[in-house]
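I opened the notebook to look up charge pairs and nonpolar packing. My notes follow.

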Amino acid sequence: MNKDSKIAFVSKSRYKITTSSPPRIKLSETPECADDIRHLCPTSILNNNFAVLDCLQNDKQREDADLSPQCHHLIWTFKRNLTIDNRFVTTAKHMCKKFLETQKECVPLENERGQMLSCLMDFAENATEPECRSFLKKMEAIIFSDYRLIYKFTEECKSDIDQFQCGRLDMDSEDPHSQGETIECLSKQTEKLTPQCRHEILRIAELQGDDFHLDRPLFFACREDRERFCEKVDAGEGRVYRCLMRHKMERDMSQECREKLFQRERLVVHDYKINRGLAKACRENIKIYHCRDQTSDRREIRLAQILLCLENALHKGYPVAGECQAEMLEHRQTLMENYQLTPELAAACEKDVQHFCGRRLELGGKTLHCLMDHAKPSRLDGGRISDSCRRELESLLKQSDVGEDWRVDPVLQEACQPVVDAVCSREKPGEGRVMSCLMKHFDSTHMTEDCKEKLLQIQYFVARDFKLDPALYKRCRKEAETYCHAKKEWYDKPSRMDPERGPIVLPCLYRYAYHPDKNVQLSRECLYEVRRVMRQRAVSVDLLAEIEEPCLLDLTKFCNENVEKGEEMLCLQKNLKDLSSECQKAVSNFTEEESEHLELNYPLFFSCSTILHKHCNELLAKDVDQGDLIQCLILHKNEPEMKMNPKCRISVEHFQLISLKNYKFSYKFKEACKKDVLHLCKNVKTKPEVISCLSGIVTNDTVFEKAHRVSRECRQQLKFELFEREENIKLDPVLNSACAEDQKKFCFNVRHEEAQMLECLKNHQKDLSSTCHKIIFNREKDEMIDNSIDYALISTCKPMIKKFCSDTEMTQILECLKEKRDDNGMDRTCRKIILKRMVEQHSDYRLNPRLKQACIRDIPKFCSSVITANKDATEFEGKVTGCLKQQYRKNKRLSRLCENEIVRLMRDVAQDYNLDPQLVHACSTEVQQKCADEPNIEECLKIKFQKKELENNDCRKEVARLIFEGKADIQSDPLLYRICVTDIKHFCSDIPAGHGRQLSCLLTILEGDTPSASLSEECRTMLSKRVEMFEYAAQVAPAENFEELIRQVANSPSRNYFIVVILGCLTGIFIGGLFCGRVTKRVPISMKNK
């Protein structure tokens, strides 16, 4: 027998495993280990067997690496016998007396003394006696250096060890013990183990959780990493574990240590108690909130159940210890870092990961984000992850409560950290504050594309479950339960038969956000959060489930190319008519909501934020927007700030163009006129058709003074729509189409906005195509009936209206501006457009509602022939007005109102020859050649007329007519009136104006000029010149009949001369008859009688 055999025999005979108490020995004095122990351990501890064991297990790079085989077996036998030794039971009862009194289940049973150690270790965390805790800690060091020393483990896991080839289980083996490698091997197969063995593995991991020294493989794999990252961290209570976990993704972390940490994380997922830090920090909260209810039959409890239970308490506003919240945050981060920590997700998504994310596992959450990116429906042929994978992914995101704290997601934190530092540094983490801040600054200059991408991947899920938005859930939980039948708990145990309604709660809350019944409206706090979330969802069509799902094919067809991210909704709206029926309905509904609540129109709301705060701040401060903000932007669309912000202007114009597709896309117009549309315009749908229908009815009722059939609210809103239509010809599809060629021909370099195109077409009105001309004329009629819809006039003269006409109704604002056009302070640009409108009115009596109404009986009576002769013409070109002037000059009995309007028109024409279309048409060449540089063209033409320098016969007749008008009303001859105004007041103050009466008064004084009644020199000179002009005008335009001749003589300044001559002639004839007798032959009486 050789030496080794003898030692083995002695060892077996000396330390044979029995139930009796083994003899007391000192390990340092045994022949098998004496040399090894003296070589490895200091002499000061050789008399203490526990100190020797600790030295052998902790101080080498590999556990017991330098021990001889005989010493290996001796130590294992010593530790094994110690755990079942009667003296251990006696010592345990002495050291842990009070503890055992509270833990009755640990009283040793007959023939099962090994249960004592197992039971005490299970409940070691409840021990309060220092002696007991110290004793149990020493025993832990013995147990976990070899799996065969753990109670029941060898029996429960025998089949699994054999199946997964994790070692050879032989109670009598003399081989060196396995240093925990068997436990490590089985831990890697946790999901595949038998329930009994899995229970034992998790139980062991729990016991190891207090001190990482007890996890031998992890201890040796991470020794250098501990020195590098956690040198100052004391062992115990899981502190070293937590420290290593926090650094596991750093580049300096060894791969071997990272793998061991990952393996331990997988065990924690199966049983939260494996992490002693979490178990200790959250012990009281777990008990208070009954997080272990209905699991009393299972010793291990999954981490997900604990996290969901505690998160449920937090979301309901219940207190959770700060230390516990910190532990929860770390574990939520852990779940997001590696999808394989969630077995159900790893199994359900195995094929999806290979197909979409490649075979290589990317730590740090990258694989998880890859799955998120492919969770939404693809617009290409790439497909999406399976339903089972998507469900597990949603479950994981809820477990990690990803919307509550952005730090939970390492990928998001890495991508968005610079953005957070720049714009969200003041936001405290938690309650989704940082996430909300990032969404608020989604298009800011600080935002990066990488952060946008990762943020949207998270928001895709948050937007579909209102419970993942902590602020929304906190402030709207009660309303969600009351109105939307939401679940009462943030997380319900699976055993409760209450279906999940998360995806439908947010749309439901939104419907109640603006409910007309105040009794069911949301609270102010909840309304604020709902509006915030709806604004955030509008960032991308991917966040709008009600749009994305029905419009997937349409997005692929119409919006896949040349469409930037975030502009998909604009694309769908542009192609509304071509969309599928379901998508068309969804987009139409959303567009209606956008028109009511501007914040849902993200591109518009974001790009116009500065404009809104400057011009619409009062409306912005209101809790509810009902179409007011978009109208405010439209009204200020041409303000300097808006012109400097092309994105805002383009967005506003896009909305205006989209609203043409359906009148319901203009919320205020829809609400004000829906009853009128249903009653009066049933068969129309597009907004231009509805506007045309309603405005036609309003115009007819106004002109014929009938009771208005269109409601007052609708008429008011209709004015806004007509005003808006005037601003841009594109908003008037009928006019835009009819005048398309005319725009290219006459206005090719003119902008469509600010009514510039419309004004350009008016400037070329006579040259327009018949269809375009007719529509333009009708638009002018509408503007003259209601000046408030005349965009060019109102926008150009806005300051002047405020200055001169603030008390005047906007519908009649032109009349006020006409009266003030020559006042000091009148803006030149405003005066120019006022004169332009006056020219339009003088060109056709139908464009002058005041004249038309005043002469409603006179026109048919005196000018019906003119109307009949020009019935096919689009415009009368001043002919009807000229007819009425002629009747006034002829001293016809016009009605008083009509006569006053005609006199007013003549006086206006006398100040600006452009107001007389017939004069302009006849004398345009003469004016250009002879009076182009003259400030007073009318007076220039009169002078040229008197000097007989006008060659055009039509022009001479029109100037003569102008002179006659001045003769009929002296104020229609501004120069004569200005010079003689003092004389008129002095000598003719009691003579009424009109019909040449005041002029006759002056002429009478001129002819009978006496010292007591003498005109001023200037007046006498000017009056003499006018007499000559009147006489020449009579020659140019002689009387057409006897009646006109008599009138001319009666009104002539030389009428006394004519009277004397005529009387002289008659007297001569009479006297001649007296002296010369009869000229005719007498007729006999018989002939007379016959």
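Which residues are linked in a network of salt bridges? I noted first that the model is predicted. The network I found takes in Glu 759, Lys 762, Glu 783, Asp 790, Lys 836, Arg 837 and Glu 840. The structure holds 66 salt bridges, and I looked up three of them.

**Entry: Glu 759 and Lys 762**

I began with a pair from that network. The side chains of Glu 759 and Lys 762 form a salt bridge, with N and O 3.4 Å apart. I checked where they sit. Both lie in helix α46, which covers residues 756–763. They are 3 residues apart in that helix, so about one helical turn separates them.

**Entry: Lys 818 and Glu 815**

Next I looked up Lys 818. Its salt-bridge partner is Glu 815, and the closest N and O atoms are 3.3 Å apart. This pair lies in helix α50, residues 813–819. Because the two are 3 residues apart there, about one helical turn lies between them. Are they buried or exposed? Lys 818 has a relative accessible area of 4%, so it is buried. Glu 815 comes out at 12% relative accessibility and therefore counts as buried. The cut-off for buried is under 20%.

**Entry: Arg 1026 and Asp 973**

I then turned to Arg 1026. Its side chain meets that of Asp 973 in a salt bridge, 2.5 Å from N to O. Arg 1026 and Asp 973 are both buried.

**Entry: nonpolar cores**

I moved on to the packing. The largest nonpolar core has 84 residues. Leu 186, Leu 310, Leu 393 and Leu 438 have the most contacts inside it. What does Leu 310 touch, leaving out residues up to four places away in sequence? I listed Cys 282, Asn 285, Ile 286, Tyr 289, Cys 291, Val 320, Cys 324 and Met 328. There is also a second, separate core, of 64 residues. Leu 793, Val 927, Cys 931 and Ile 937 are included in it.

**Entry: an annotated stretch**

Last, I checked the UniProt record. The unreviewed entry lists residues 569–596 as "coiled-coil region". In the model, that stretch is 79% helix and 0% strand. The C-alpha atoms at its ends are 16 Å apart.

Terms used. Residues numbered from 1 in each chain as written. Predicted model: local features only at pLDDT ≥ 70, side-chain atom pairs only at ≥ 80, totals over all residues. Heavy atoms only, no water. UniProt positions renumbered as here; feature names shortened; annotations may be inferred. Helix = DSSP H or I, 4+ residues; strand = E, 2+ residues; numbered from the N terminus. Salt bridge = Lys/Arg side-chain N within 4 Å of Asp/Glu carboxyl O. Buried < 20%, exposed > 50% of the residue type's maximum accessible area, 1.4 Å probe, protein only. Core = buried A, V, L, I, M, F, W, Y, C linked by side-chain atoms within 4.5 Å. Contact = heavy atoms within 4.5 Å.
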